[in-house]
Structure formats: C-alpha cells, structure tokens
Amino acid sequence: MFDEKALSVLKRMTESFGPSGFERETARIVRDYMKEYADEILSDKLGSLVYVLKGDKERPHVLLAGHIDEVGFVVSGIDEKTGFLTFNPLGGWWDQVLLSQRVVVRTSKGDLMGVIAAKPPHILTAEERKKLVTKDKMYIDIGASSKEEAEEMGVKIGDPVVPWSPFSLLRNGKIAMGKAFDDRIGAFIMMETIRRIKEEGTDHPNTVYGAATVQEEVGLRGAQTVAHLVDPDVGIVLEVDISGDVPGIEPPKAPTRLGKGPSLVTFDGSMIPNQPLKEFVIKTAEDIGVPLQLSHVARGGTDAGKIHLNRVGCPSVVIGVPTRHIHSHVGLLSIEDAENAVKLVVELIKRLDEKRVKSFTAI
Ligand SMILES: [Zn+2]
C-alpha cells in the first residue's frame with residue numbers, strides 16, 4: 001500500500017492551485033517529489049513535465065500520462081456597483097454544483113478566499129426556486145463592497161480561480177475525498193509507478209516517459225505537445241473514471257464501482273483504443289490478480305485522444321480510477337483502486353518489449 005510519503009504528496013497535489021493554464025504550483029510539487037526517482041526530466045514549452053526512466057532498451061518508448069490541471073475559472077470582470085466578480089469556466093462545469101461553494105482567487109497580490117454567491121430562500125419567488133441559476137448569472141463574493149475595493153485587493157480580469165476543498169481520508173484511510181482527483185490521481189499513479197520501479201530496481205525492456213500534462217480540461221492541449229516531445233510507441237493514459245455507484249446513475253451510463261479495481265476504458269469520445277493493447281491489459285490484470293473493470297464514457301475524452309493520433313499513430317489505452325462526483329468541489333475514490341492501478345501499470349511496463357509493442361499494430 002502507499003506509504004506516508006506517497007499519501008502526503010497526493011494530499012498536497014490535490015490541494016494545490018492548478019487550473020488549466022495555471023499549473024505551475026502543482027508542477028513544482030510533482031517535480032520536487034520526482035527528482036530522486038527520474039533518470040532525466042524533460043519539459044515541453046506549455047508547462048508539462050516528463051520523467052524519464054531508462055530500462056534495458058531505448059525503444060519502445062512507453063508514455064504514461066496523467067494531467068495535472070484541474071477544472072476552475074478565470075475572472076471575467078468586477079461588478080461596478082458591488083465589487084463581486086464574474087467568471088468564465090476553465091473546463092466543464094455543471095451549474096448546479098456551484099452556488100455557495102468556496103473558491104480561491106489567485107491575484108498578483110496573493111490568494112483571496114471567496115464564495116459563489118447564492119440568494120437566501122426568503123427573497124426568492126416560488127418560480128425562482130425551481131429554476132437553475134446559470135454560471136453567467138453567478139458572482140464570486142470576495143468580501144469587497146465596490147469595484148475599487150476589489151481592485152485594491154489585487155483582482156484583475158484574467159485571474160485564475162479554483163475550488164477550495166481540503167483533502168480528507170474516510171473509512172480508516174480506505175477512501176480519499178477532495179478536489180482535483182481529475183486528474184491528480186492519474187499523475188500520482190504515474191509518479192508512484194516510476195518510484196516503485198526505481199526503488200525496487202525492476203528490469204524493464206523499454207524507456208518509460210512519465211508525463212504530468214497540462215491543459216487537458218480545455219482540450220487535451222498538453223498531451224499534444226508531450227506526445228511530440230516523447231515520440232511514444234505505446235501510450236498509457238491514467239485518469240479518473242466515472243463511478244456509477246451513486247443513486248440515480250444507471251449502470252449502462254457508468255458501469256464502474258468504487259473499490260472494485262481500476263478500469264479500462266473501452267470507448268470514449270476521443271479514442272477507440274488499440275484492440276491488441278486492450279486485450280494485453282486485460283490479460284496482464286488477470287495474470288497478476290488485479291481486478292479490472294471494463295468501462296466506457298459516451299462523451300468527453302482524455303489525453304489519449306491526442307496521444308493515439310501522434311505522428312503516424314500510437315497504440316494507446318486509458319486506465320481509470322472510478323471516482324464519484326468528478327468536476328465538482330469534492331470527489332471520492334478508493335485508495336485500493338489506485339494501488340491496484342500502480343501494480344497493473346508496473347506489470348505492463350515489465351512486459352512491454354519491442355516485439356510485443358510491434359504486435360499491437362501488425363495486420
Ligand atoms: Zn476532467
């Protein structure tokens with residue numbers, strides 16, 4: 001199981017400030033943790049970091065990718081009369097999860113705490129109470145009472161905003177609760193996989209490139225530049241999956257369950273995985289006794305959407321950790337699922353030699 005050191009970096013990563021395009025704080029946490037485990041550290045010019053782990057052979061290049069950006073907002077204006085802030089979303093948000101949630105606004109003068117304002121029920125008409133308030137009608141209250149006050153506090157148009165949400169462990173450490181598991185848990189699995197291979201001196205017939213990518217939530221942008229940098233022969237994207245064990249979610253929409261193992265995404269809006277690679281992952285999980293759930297996501301995509309289209313194509317697959325309530329202030333996931341994902345990815349890396357990787361694209 002993950003040690004104290006690992007759980008502490010997971011906590012720091014999820015609590016760190018890093019919406020799409022503003023990932024530096026999170027990237028530094030990842031970099032400091034990985035310094036001792038990587039043989040080399042590369043970076044693209046968009047902010048992504050890549051940790052190289054040299055094995056017995058230079059090729060195949062095995063790319064592990066987890067994105068470190070999180071869904072957030074950018075300030076779009078300050079209300080003239082009240083000093084409340086309007087905002088644009090960074091990534092996909094459902095309006096209903098936002099009212100009266102705490103947020104952090106990062107300004108050049110420092111961080112400000114705020115709350116997305118909600119009207120009290122006393123002054124709402126029966127009609128208004130039934131209606132969904134949309135983001136374009138929401139405001140962040142930072143305690144200012146005029147535009148001048150908000151500006152004095154340091155707020156400018158374009159300042160980034162993230163949910164405020166501390167990390168907690170529930171059920172004796174079995175369940176983690178916090179923000180930004182999408183996709184800091186994926187980056188964390190990448191980091192622990194590399195750490196484990198390094199610490200245990202595991203032989204692997206390839207070179208591993210562990211990427212912490214940026215700007216996934218706004219269109220898989222970091223994955224594109226990272227794929228160009230790494231020139232992968234095989235891609236393993238580590239992500240959250242949508243856990244369907246929530247009242248009201250029908251199994252066909254989200255077949256995975258918390259605590260039943262990592263998942264293998266068989267289809268999503270951005271990629272149909274390489275089929276021999278998919279079968280290889282299923283077989284490997286069986287061989288080592290790691291439970292694996294098959295899943296699909298009808299809409300949306302992952303970094304694999306870009307990676308599998310790199311140059312002439314790159315066999316890719318997405319391994320997920322089922323997570324409840326993603327794209328909100330608080331998600332829940334099973335630590336054991338993350339641990340099993342690390343076990344599985346370590347084993348895949350051990351088996352990904354040149355011959356096997358070539359077989360994925362043989363016709
Ligand atoms: Zn996401």
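Visitor: What do the buried residues of H7 pack against?
Guide: They pack against S13, strand S14 (263-265), S16 and helix H9 (335-351). A residue is buried if 20 or more other C-beta atoms lie within 10 Å of its own, exposed if 12 or fewer, and partly exposed in between, with C-beta atoms placed from the backbone. Helices (H or I, at least four residues) and strands (E, at least two) are DSSP runs, numbered from the N terminus.

Visitor: Before we go on, what kind of model is this?
Guide: It is a predicted model: local features need pLDDT of at least 70, side-chain atom pairs count only at pLDDT 80 or more, and totals for chains, interfaces and linings use all residues. Residues are numbered from 1 along each chain as its sequence is written.

Visitor: Back to H7. Which residues are buried?
Guide: Leu277, Lys278, Phe280, Val281 and Ala285. Seen down the axis of H7, they fall within an arc of 160 degrees, so they line one face of the helix. The arc is that of the directions from the helix axis to the C-beta atoms.

Visitor: And which exposed residues does the face turned away carry?
Guide: Gln275, Glu279, Lys283, Glu286 and Asp287.

Visitor: What follows H7?
Guide: Glycine 289, with a positive phi near 70 degrees.

Visitor: You mentioned S13. Why call it largely enclosed?
Guide: Nine of the nine residues of strand S13 (residues 234-242) are buried, so the rest of the structure largely encloses it.

Visitor: Which strands does S13 join, and how many bridges are there?
Guide: Strand S3 (residues 61-67) runs parallel to S13, joined by four bridges. Strand S16 (residues 316-324) is also parallel to S13, with eight bridges. Strands count as paired if DSSP finds at least two bridges between them. Valine 62 has valine 234 of S13 as its bridge partner. Valine 240 is partnered by valine 321 in S16.

Visitor: Switching to S4. What does it pair with?
Guide: Six bridges link strand S4 (residues 72-78) to strand S5 (residues 85-90), running antiparallel. S4 also pairs with strand S9 (residues 160-163), antiparallel, over two bridges. Valine 74 has asparagine 88 as its bridge partner in S5, and stands opposite proline 160 in S9.

Visitor: How many residues sit between the strands in the hairpin of S4 and S5?
Guide: Six, and glycine 83 in that hairpin takes a positive phi near 80 degrees.

Visitor: How is the chain divided into domains?
Guide: Into domain 1 (4-70 + 166-359) and domain 2 (82-159). Those bounds come from an automatic or database domain assignment. Their centres, taken over C-alpha atoms, are separated by 32 Å. Nine residues from domain 1 and nine residues from domain 2 make the contact. Here, two residues are in contact if their C-beta atoms, placed from the backbone, lie within 7 Å.

Visitor: Last one, leucine 229. Is that buried, exposed or partly exposed?
Guide: Leucine 229 is partly exposed, with 18 other C-beta atoms within 10 Å. Leucine 229 lies in helix H6 (residues 221-230).

Visitor: What is leucine 229 in contact with, leaving aside neighbours within four places in sequence?
Guide: Leu42, Asp44 and Val50. The C-alpha atoms of leucine 229 and valine 50 are 9.1 Å apart, across 179 residues along the chain.
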